[in-house]
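Colleague: Take me through this model, please. For each label you use, I'd like to hear what it rests on.

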There are 4 protein chains.
Amino acid sequence: MRADARENRSLIVAAGQRLIAAHGADVSLSAVAEEAGVGIATLYRNFRTREDLISAVLFDLQERMLRIVDEYAPLLESDPEEAWTNFARALAGLRPGALVAAFATTFVNGEQVSEGIAAERVRALAASEQFLDAAKTAGVVRADVTVQQFHVGIATITRPLPDVAAPDLTQGDEWLIDVYLRGLRP
Amino acid sequence: MRADARENRSLIVAAGQRLIAAHGADVSLSAVAEEAGVGIATLYRNFRTREDLISAVLFDLQERMLRIVDEYAPLLESDPEEAWTNFARALAGLRPGALVAAFATTFVNGEQVSEGIAAERVRALAASEQFLDAAKTAGVVRADVTVQQFHVGIATITRPLPDVAAPDLTQGDEWLIDVYLRGLRP
Amino acid sequence: MRADARENRSLIVAAGQRLIAAHGADVSLSAVAEEAGVGIATLYRNFRTREDLISAVLFDLQERMLRIVDEYAPLLESDPEEAWTNFARALAGLRPGALVAAFATTFVNGEQVSEGIAAERVRALAASEQFLDAAKTAGVVRADVTVQQFHVGIATITRPLPDVAAPDLTQGDEWLIDVYLRGLRP
Amino acid sequence: MRADARENRSLIVAAGQRLIAAHGADVSLSAVAEEAGVGIATLYRNFRTREDLISAVLFDLQERMLRIVDEYAPLLESDPEEAWTNFARALAGLRPGALVAAFATTFVNGEQVSEGIAAERVRALAASEQFLDAAKTAGVVRADVTVQQFHVGIATITRPLPDVAAPDLTQGDEWLIDVYLRGLRP
DNA sequence: GATGAATGAGCCTTCATTCAT
DNA sequence: GATGAATGAAGGCTCATTCAT
């Protein structure tokens with residue numbers, strides 16, 4: 001039953017990712033459980049608190065960031081500009097905005113973030129830095145941009161507006177991302 | 001008594017604006033009433049539904065946008081670039097992000113938006129357009145940018161992260177606004 | 001509407017008294033609300049926490065104790081033994097056991113008890129003392145019994161066993177009370 | 001494997017005894033399992049229902065009562081008063097109160113108690129009776145006291161107050177027991 | 001047999017909304 | 001008109017009980 005439990009845990013994290021991305025940090029946990037296809041108590045067994053769940057989802061996001069890093073790193077040598085652009089777009093494609101906001105909401109009081117999360121965060125930022133540096137060297141990003149700024153910017157512009165009524169609000173975010181990347185140029 | 005009622009209505013709208021801007025779209029209405037210094041029933045007498053309140057707040061925001069238009073319009077002739085930049089920054093200074101999100105959240109099901117709101121919206125967009133056009137003519141904004149895109153962009157980058165702890169997330173938004181404006185250039 | 005609110009508050013306290021006496025400190029608050037004939041939220045409006053309710057119930061109990069004191073005090077002069085016995089039986093008749101236990105359960109961590117409660121408690125104990133002293137003088141209670149001991153004893157022997165199945169457990173408590181009073185004699 | 005099972009069963013009963021005595025009738029069964037050092041499912045395998053467990057714990061208590069009877073019976077001839085007092089105090093020392101309350105709580109609806117329990121109960125009462133009779137003969141207990149009354153009294157005064165804070169409530173129960181025994185005298 | 005995971009039911013608590021004064 | 005009280009519905013969380021390994 002170890003296998004089943006693992007499976008369920010993953011399902012819950014995935015469901016959490018989807019719903020948090022769609023509806024923000026204060027999704028009803030029962031909704032997450034239902035989306036995951038498990039009972040509410042199973043969710044609570046796996047994540048004793050709401051914070052635990054958010055952390056797990058964030059952890060997962062950071063791992064996917066690292067996988068993107070690995071995917072585009074080989075391109076850095078041959079075509080740094082292309083590598084940078086693809087990397088940034090892929091990052092934005094993860095739509096980290098909702099999640100980062102959720103995370104910020106949850107850990108309001110400056111409480112210590114779990115070791116694992118913090119370490120992973122450092123790794124993700126460090127890994128991103130090689131792309132940023134290459135982009136600066138290639139002259140497609142201003143020298144004074146920091147990794148933190150870059151990431152916060154990505155998060156900000158990928159934060160989803162909840163299912164919108166006004167149709168002209170739901171433009172593709174690609175437009176905004178490209179504006180953002182262009183704005184980062186020297 | 002008419003005067004009192006007017007007064008109360010204004011107080012409530014102002015309180016709503018403050019709280020939504022500060023804490024996001026899902027403020028408790030009792031909190032708004034308390035912030036306004038009136039009873040909850042008074043709030044409901046003035047705004048039968050939550051939607052009504054949000055709409056009123058949005059309407060008020062749009063009026064303030066128009067006032068900004070009026071303020072910087074005179075500069076358009078003499079120094080279009082300066083006019084454009086100041087206008088855009090002032091717009092961003094209204095931090096419309098939170099409110100737009102609240103609005104979007106509230107009118108999820110494609111419900112018809114009130115006539116008044118819609119009309120005001122059209123006026124605000126039209127008024128903005130003269131700045132955008134001037135900016136395009138002056139060569140500081142790409143030709144293919146629409147007013148809608150511009151406004152949605154402003155809203156997106158001024159949406160506040162809910163009560164944040166992580167210090168590196170709370171950088172000044174000015175940075176992002178400048179990146180945005182730069183990104184809009186040809 | 002002030003009157004209605006008062007009324008409701010009383011109803012809730014009375015219901016709490018009955019249910020706590022019958023089922024112990026961990027009655028479901030919804031059950032109390034239902035017994036009182038009000039909605040659950042009304043209960044919460046009147047008593048923000050479970051502790052608040054328990055305190056109110058206890059406070060009420062102590063007031064009834066004081067009324068018993070007033071009732072039998074006149075007899076102290078003429079017939080101290082009779083006064084003492086009647087007083088003790090009346091006290092036991094309030095069945096304070098369940099409530100005292102509930103109170104103890106609730107304020108487990110040595111948390112400060114509300115001023116009002118504490119003061120009332122002191123008054124109730126002090127008022128009882130005149131009976132105890134008279135009884136000692138009349139030679140029907142041993143000299144070394146303290147008011148606290150006496151009250152804890154009363155509470156202990158009037159703690160109800162929850163609705164019992166075994167019929168021989170539900171003897172009248174009068175027997176036990178009389179044994180208790182006899183045991184207190186020199 | 002039979003031995004293991006036996007062992008587990010005993011561990012669970014012992015754990016139940018401890019926890020019920022300490023925290024009252026409504027211990028969580030998982031807590032009992034943990035205290036016993038077994039999985040929750042093992043507890044349920046051994047005791048299909050909560051009632052079964054309570055019954056087993058009660059049965060065990062009754063056996064210990066019988067052992068106390070055996071221990072002090074020899075003294076009955078030589079010194080009946082001493083035998084009675086020691087017996088009664090030892091009985092109280094088992095703190096049957098919590099368990100009896102638990103038992104009463106559990107079998108609320110007049111459900112039939114298991115044969116074994118009932119039979120054991122009869123034996124325990126009968127065995128006690130010789131002490132009671134001797135005490136009556138020796139003139140240290142009133143003639144009209146029944147075994148049932150005596151036992152219920154013991155249970156009542158040994159019922160623990162749930163985790164108490166108020167220091168003046170946690171006096172030694174010895175005081176109350178002595179009062180009780182004195183009250184039983186003619 | 002033993003174990004830990006899964007589940008739903010139930011109570012706690014808050015909030016939007018309505019009602020009576 | 002203004003006010004605060006009343007209400008039910010909804011989500012949070014725990015626990016007894018069952019199930020799959």
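This is a predicted model: local features need pLDDT of at least 70, side-chain atom pairs count only at pLDDT 80 or more; totals for chains, interfaces and linings use all residues.

Colleague: Why are H1(A) and H2(A) called oblique to each other?

Modeller: Residues are numbered from 1 along each chain as its sequence is written, and chains are lettered from A and ligands numbered from 1 in the order in which they are written. Now, the axes of H1(A) and H2(A) cross at roughly 120° and come within 8 Å. Those axes are lines fitted to C-alpha atoms, for helices over the stretch in contact, with angles from 0 to 180 degrees between N-to-C directions. Angles under 35 degrees count as roughly parallel, over 145 as roughly antiparallel, 65 to 115 as roughly perpendicular and the rest as oblique. So H1(A) and H2(A) come out as oblique.

Colleague: Which hand does the crossing of H1(A) and H2(A) have?

Modeller: The crossing of H1(A) and H2(A) is right-handed. The rule is that the near helix is turned from the far one by less than a right angle, clockwise for right-handed and anticlockwise for left-handed.

Colleague: Which residues of H1(A) and H2(A) meet?

Modeller: From H1(A) you have Leu11(A), Ile12(A), Ala15(A), Gly16(A), Arg18(A) and Leu19(A), and they meet Ala31(A), Val32(A), Glu35(A) and Ala36(A) of H2(A). "Contact" here takes C-beta atoms, placed from the backbone, within 7 Å. Sorted by type, the residues of this contact are 7 nonpolar, 1 polar and 2 charged. Nonpolar covers Ala, Val, Leu, Ile, Met, Phe, Trp, Tyr, Cys and Pro, charged covers Asp, Glu, Lys and Arg, and the others, Gly among them, are polar.

Colleague: What makes H4(A) and H6(A) roughly antiparallel to each other?

Modeller: Helix H4 (residues 50-72) and helix H6 (residues 80-93) of chain A have axes that cross at roughly 160° and come within 10 Å. That angle therefore puts H4(A) and H6(A) in the roughly antiparallel class. The crossing of H4(A) with H6(A) is right-handed. On the H4(A) side the contact uses Met65(A), Ile68(A) and Tyr72(A), and H6(A) brings Ala83(A), Asn86(A), Phe87(A), Ala90(A) and Leu91(A). In that contact there are 7 nonpolar residues, 1 polar and no charged.

Colleague: How many helices and strands does chain A have?

Modeller: Chain A has 10 helices and 0 strands. These are DSSP runs numbered from the N terminus, helices being H or I with at least four residues and strands E with at least two.

Colleague: How do you know whether Ala124(A) is buried or exposed?

Modeller: The cut-offs count other C-beta atoms, placed from the backbone, within 10 Å of the residue's own: 20 or more is buried, 12 or fewer is exposed, and in between is partly exposed. Ala124(A) has 21 such neighbours, so it counts as buried. You'll find Ala124(A) in helix H8 (residues 115-137) of chain A. Setting aside neighbours within four places in sequence, Ala124(A) is in contact with Gln62(A), Met65(A) and Leu66(A). Across chain A, buried residues make up 37% of the 186 residues.

Colleague: Why is Arg95(B) called partly exposed?

Modeller: Arg95(B) has 19 other C-beta atoms within 10 Å, so it is partly exposed. Arg95(B) sits in the loop between helix H6 (80-93) and helix H7 (96-106) of chain B. Its backbone is worth a look too: phi of Arg95(B) is near 45°, a positive value in a residue other than glycine.

Colleague: Which residues are closest to DNA strand E?

Modeller: The closest are Gly39(A), Ala41(A), Ser28(B), Gly39(D) and Ala41(D), out of 38 residues that surround DNA strand E. To get on that list, a residue's C-beta atom, placed from the backbone, must lie within 6 Å of the strand. Elements that give two or more residues to this surface include helix H1 (2-23) and helix H3 (40-46) of chain A. The surface near DNA strand E splits into 19 nonpolar, 11 polar and 8 charged residues.

Colleague: And which are closest to DNA strand F?

Modeller: For DNA strand F, which 38 residues surround, the closest are Gly39(B), Ala41(B), Gly39(C), Ala41(C) and Ser28(D). The surface near DNA strand F has 19 nonpolar, 11 polar and 8 charged residues.

Key: Two residues are in contact if their C-beta atoms, placed from the backbone, lie within 7 Å.
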